[in-house]
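Dear colleague,

Please find below the structure that I am handing over to you. My notes on it follow directly after.

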Amino acid sequence: LMSGALLLRTVHRLRTSPANFDAETLLEARVAGAMRINKYPGGADTSITVDWSQIVAAARAAPGARDAALVGQSRALGAAVTAELGADSTRTMTTQNYAVVSPNYLQVHGLPVLRGRDFEPGDAVGDGVAILSAAAAAQLYPRGEAVGRRLKLGGPGTNAAWVRIVGVARTPRSPWG
């Protein structure tokens, strides 16, 4: 009886709390595929290249679409990300993956930038930049400001790239976390 009451209360909270996006008009589509390089004896390597900007453009051109954004997952080397705290000090957060998003992802999903700025054209040049969720920023920088610091997309002992943190956005709402 108690479990049933707790389940009903949780369902009620999920249905009545704001999702911060319009669930009636947001469509999520997943694109999956394997990238494979085949090497034939005595032949050249062949590979498949996907132009994601064409996919986003096609999604934006769909009847009734207002915008489109991409999100993908990338593996964190060493199953962690490492925050630069200064004076040769770091903090590590364990994670298997991190999200890689298109510049308008936060806008499409109704996730406001709380500190710093949103992505800008040219941010993907070089090693890129990062925008942390408020939850990740609080975990990695509990006593300081994350904006302007650097984040290593891997564990402390890896040769993963360091990226500059340019913003902190509201943490996405998840019914499971």
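The notes below go from the whole chain to single residues.

This is a predicted model, in which local features need pLDDT of at least 70 and side-chain atom pairs count only at pLDDT 80 or more, while totals for chains, interfaces and linings use all residues. Residues are numbered from 1 along each chain as its sequence is written, and side-chain values use heavy atoms, with hydrogens and water left out.

**Overall build.** The protein contains four helices and ten strands; these are DSSP runs numbered from the N terminus, helices (H or I) having at least four residues and strands (E) at least two. Along the sequence, their pattern reads α-β-β-α-β-β-β-β-α-β-β-α-β-β. Of the 177 residues, 22% are buried (under 20% relative accessible area; exposed is over 50%, and partly exposed is in between, with a 1.4 Å probe and protein chains only). Among contacts (heavy atoms within 4.5 Å) with a separation of 6 or more, 59% join residues 24 or more positions apart.

**The cores.** A nonpolar core is a set of buried Ala, Val, Leu, Ile, Met, Phe, Trp, Tyr and Cys residues joined through side-chain atoms within 4.5 Å. The largest one has 15 residues, and those touching the most other members are Val81, Leu132, Leu140, Tyr141, Ala146, Leu151 and Ile165. Two or more residues each come from strand E4 (80–86), strand E8 (129–133), helix H4 (134–140) and strand E10 (162–169). Beyond its neighbours within four places in sequence, Leu151 has contacts that include Val81, Leu132, Leu140 and Ile165. Another core, of seven residues, lies apart from the largest one and includes Tyr105, Leu106, Phe119 and Ala169. In soluble globular proteins, nonpolar side chains tend to be buried together.

**A buried aspartate.** Asp123 is found in the loop between strand E7 (113–116) and E8. With a relative accessible area of 11%, Asp123 is buried. Its side chain makes a polar contact of 2.9 Å with the side chain of Arg117 (a pair of N or O atoms within 3.5 Å; within protein, one must be able to donate a hydrogen and the other to accept it, and residues adjacent in sequence count only if both atoms are side-chain atoms). The side chain of Asp123 also reaches the backbone nitrogen of Glu120, at 2.7 Å. Leaving out residues up to four places away in sequence, Asp123 touches Arg117, Asp118, Gly128 and Val129.

**A loop residue.** Val50 lies in the loop between strand E2 (45–46) and helix H2 (52–61). Its relative accessibility is 34%, so Val50 counts as partly exposed.

Yours sincerely
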